[in-house]
Amino acid sequence: MQNYLSIYISHDFICANLAYDGGILKDQTHIFENLKESEMAEFWLSYFRTLEKKWGITFLEHPQVSKDGFLVKFRNLGCKVSILKTNPNHKKIVNSLRNFSLDLKILSYTRELNEDILKSFATTLEYEDVLLVDLNSRFFKASRIEKVSGEFKPVNLSRFALPGYSYTDSRIYLQKPSELLKLLNGLKYKTFLSKHVPSNLMSNIWSNFLMRPSFKTNSEFLQDFVRAYITVQILSLCSENPKIGKDFAVKPVKTLLWVTGDLVGIPEFKKLLVSILDGFEIKGSFDVAVDENFLLYTFGRAFSLGKKSDEVILSKRDFLPNFTKVFAPDIDMKPDSRKVVFHGTLFNRRGPSMEVFGMSSEIAEVPVKNPEHSYLDGKFIKNAYIQKYRKIFEFHCTDNDICWDRIVLDCRIKPVVYGPNAKTNDIKFNMWFGGESYF
Amino acid sequence: MRRLMILNLICGLEVNRIFKSIKYGSGHEVFIPFEGRMKSCLKIGDSFEKGIELFKVDKRKLLASYCLSEDLGIKPNKILEYVTRIEGEYISKDDVLAEKLVSGGLLSKRVVSEYDGIVNLSKSNLGYVNILSELGVESCISTFSGIVKDVDFAKGMLVKTDVCALPFFYSNFDSSEGVFGNLKILADESVPSRKNIQESFEGNIVFAGRFLYPELAIELFKRGCKFILASSMNYDDLKNLKVPVGILTGFGNIGIDSTRFDFLRELEGLQVAVSLDDGAVQFPVGLNSGISNIFEQNYYTVFLKKGDIVRSVDIESFGMVGEVENITLDGKLVDVFLQDGSKISVDMESLELYQEDFSIMRTRIFSI
C-alpha cells in the first residue's frame, strides 16, 4: 500500500496526517495568514520539509526551477490537500499549491463534500444519527445526518446506493479576529463563566488567544472562557436551526457525536463534554468521539470507502479514536437533590470489577481499562430513566472494532441552569464534578 | 517507519512556528502621501539617494489640536453639531471654537482657540478639531535611497526600496492611504507620563514605550503624532480609542524584547511607513542589493534545544522572550529564562522559535 499524506487547511491552522502500513502519523500547526503570493512557494517548501524532519521520512524530491519559482515532486507518496471553502485566502492557497507541485490533489472542502463524507461514514459505522460539531475559534459548525427509514439513494462517493439520510447543518462564521474580539461586549458569556476574572484581563487574554491561537493552554481562565464560549455558540447554532439538536440521543437508534476543531484541546474533556451537552441540551444516550487530529476531514472519505478507496485503506483500529459512552438520563427530582440514581458494575474479564454509582446532580466519569474485556451491567433507580433503555441494561465496551474507553453518567437534573454569577457557577461545577473519582 | 515513529514519540518532537522579529525584504514599494498640494516632485523612474528632496508641498503646520469628544463629553460623530466654525475659517486667539449647552441651557462648556489660525475639521470623525497655521512650503528630504515608481499628484508618491519590517501584533489602523513620517522614541521599558510631554510630534510616528494608556495616546495625537507604536496596551482601551495605534507584542502590560527595541533605537529619526497590507511598520533602508540573500526563509522548526531564543504564546506568559534553559525528558515542558531575569515553564507547543535578524542587518546596512 502506498503511503498517503492528507492535509486539511482550515482558517488559521493546517493539519497533516500521514497514513502508512503501521498507522497514522499526525501533525497540526497554525498557518501564517498574511503571506503574500510571492512568499507562498517558500512557505510550502518549508512546511513540507518540516514534516519530513518531524516524521523522519523523505518524500520531497529536490525542487526544480519553473516559471513560477520552483516545482516539487513527491516521492513514493500520494498527497491530497483539502482547503475549507470559506477560508478567506482559499484562492491564494489553491493557486500557490498548484504552482508548488503537480503531484498534489487539491480539494475544496464544501458543504456538499461534508454531507457526502458524513453519510458514508455513518453507513460504514452503522450509526443512524450522527452529529458532527466543529469547534473553531473562527467559526462554529454543526452538521447532522439522520437515517430516513426505507429510503435508498445513490451517493457520489460510495458508488452504490446507501440508506437514505437527511442532512441539516448550522454555521456561524466570524472570519476576522476583530469581529471575534467584539463578542466580548456581549454579556451572555458571563452567564456561563465559572471563574471570576476582571473583564479587562479577560479581554486581554481572549484577544491574545485569538491573535495567536494555540491548541492547548494551562490558563484556567482561558479554559473556562472557551468552555463558556462553546456553550453559547452552540446555543446560537440551535437557535439558527432548531433541527440541528432536536431529539438527538433520544430516539432508540445508534447515535454518535463527533467533535472536532481547534478548540477541543483547550478545556479538559469532561468540561468540553458539559459545554456540548448543555449547548445542545442533550438527554439520552449516545457515543462521543473527540477527533483532535481532524481524521474525519483528512481520511474520512478513504475510511468510508474501505477497499474501494483510491487513496489508502484504513481499518477501524487505525482510524477511529477511542469512544466515550454517555448516559444522560431524565431524572424526576427536585433540583440539587443528592440521591443515587444509577447503580452498576463494570466487569472486567481480565481484572477486578468495579462498582459504579451515579448520584443525582453529579457527573461521573468512569475509565474502562480493558475495553475488549469489559462490560457494564447497571440499572437506573429512583426516578431516573432513559427513554430508549430499559431500566436494567448491559453495555459491552467493544463492538465491531469500536472501543469505548470511558463511560460518562450525566445525572444532573435537567434543565441545567447557569448563573446568576461566576461564583454560583463555580459552586455548581464543584458539585457536578465533586463526586467519587473512578481514576 | 515504525521505528521512526517510536523515536519521534520519545523525543516528543513538535512543529513550532518561527517568529521573525524583524523581516527583511528587497524591492518593496513604499507609499509616501502628499499632505498638502504638491508643488514639485521627482519624476517616475528617477532614482534618488539619501538627502535628496523627494517633493515639496504647500502645507499648514499644526498649531493646536483639541479633543472635543473628551473636552465636551460628546461622541466623535456628534462633534460637528457643537463646532461653531466651518472648515477653513480663520479664527483668532480666544475665539470660541466649540460650545455645548448643559444644565438645560443655563451653563455652557466652551473650547476656545489658543492661537490665530485656520480651522481644520479633517479629523472630526475621530473627535478632534485642529488649528493650522498659514500656508507654507514643506520639503520631504529622503533618508534612504530608492527609485520613484509612480506619482499620483492628488495622493502621493510610490517608491521602490529595500525595507526592514516590524510586524504588528494588532493595529486599529484602517486607512488605505498609509502613513509616512519620522520615527521618534518616547520611552523604552518605562511608561511615560503625559504631563511631562511638552514637545510637538507633528509629522512623527512615535514609539511610546512598553505600555500605552489612552490619555497618553490622545496627548500624542493632539501634538500632531500621525501613528503610535507601543509594545502593549489593554484591549478594552484600544477598542474605544480613535487614534491610530500599532501594538507590537500583545494585549496587557508586556515589555518589548531588547532586540526589537535596539532596532527601533538605531533607526530613530529616520523615515518609516505604516503599511496596512503588510500589517507592519516598514523602515526603508535603501537599495542594497545582496542583503536579501543572507536571510533564509523558514517558517517552522521541528527542533528546540537548550540555548535557543524563544517567544511564548502561552496566555500566562504571552509575548515574553527568553532562552531555553531546560527541556523535560518527554519533551513536553520547557524551562525558559526570561530577559527580565525570571523563569517560566511552558508547554513546548506554546513556544515559537525567535529569529532575530537585526544584528546581521545592522552590520551590513549601516556599514554601507
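Within strand E20 of chain B, Ala280(B) is the bridge partner of Ser275(B). Helices (H or I, at least four residues) and strands (E, at least two) are DSSP runs, numbered from the N terminus. The model is predicted: local features need pLDDT of at least 70, side-chain atom pairs count only at pLDDT 80 or more, and totals for chains, interfaces and linings use all residues. Residues are numbered from 1 along each chain as its sequence is written, chains are lettered from A and ligands numbered from 1 in the order in which they are written, and side-chain values use heavy atoms, with hydrogens and water left out.

Strand E19 (residues 271–275) of chain B is joined to E20 (residues 280–284) by 3 bridges, and the two run antiparallel. Strands count as paired if DSSP finds at least two bridges between them. The hairpin of E19(B) and E20(B) has 4 residues between the strands. In this hairpin, Gly279(B) has a positive phi near 60 degrees. E19(B) also pairs with strand E14 (residues 179–185) of chain B, in the antiparallel sense and over 4 bridges. Here Gln271(B) is the bridge partner of Asn182(B).

E19(B) is mostly covered, with 5 of its 5 residues buried. Buried means under 20% relative accessible area, exposed over 50%, and partly exposed in between (1.4 Å probe, protein chains only). Gln271(B), Ala273(B) and Ser275(B) cover one face, and Val272(B) and Val274(B) lie on the other; all are buried.

Helix H3 (residues 214–222) of chain B is mostly covered too: 7 of its 9 residues are buried. Among them are Leu216(B), Ile218(B), Leu220(B) and Phe221(B). Glu219(B) is also buried. Gly224(B) follows H3(B) and has a positive phi, near 95 degrees.

An open sheet of 5 strands in chain B has the order E3-E5-E10-E9-E6, with antiparallel pairing. Strands E3 (37–41) and E6 (90–91) stand at the edges with a single partner strand each, so one side of each is left without a neighbour in the sheet. E3(B) pairs with strand E5 (residues 53–67) of chain B over 4 bridges, in the antiparallel sense. Lys56(B) in E5(B) is the bridge partner of Ser40(B).

Chain B has 6 helices and 26 strands overall. Its C-alpha trace spans about 80 × 55 × 35 Å along the principal axes. Of its 368 residues, 52% are buried. Contact means heavy atoms within 4.5 Å. Among contacts in chain B between residues at least 6 apart in sequence, 61% join residues at least 24 apart.

Chain A comes to 11 helices and 22 strands. Its radius of gyration is 23 Å, close to the 22 Å that the globule rule gives for 439 residues, so chain A is as compact as a globular protein of that length. The radius is taken over C-alpha atoms, and the rule is 2.2 Å times the number of residues to the power 0.38. The C-alpha atoms fill a box of roughly 75 × 55 × 45 Å, taken along the principal axes. Buried residues make up 60% of chain A. For contacts between residues at least 6 apart in sequence, 71% join residues at least 24 apart.

Pro88(A) sits in the loop between strand E6 (77–84) and helix H2 (90–100) of chain A. Pro88(A) is exposed, with a relative accessible area of 52%. Its C-alpha atom is separated by 20 Å from that of Phe294(A), 206 residues apart along the chain.
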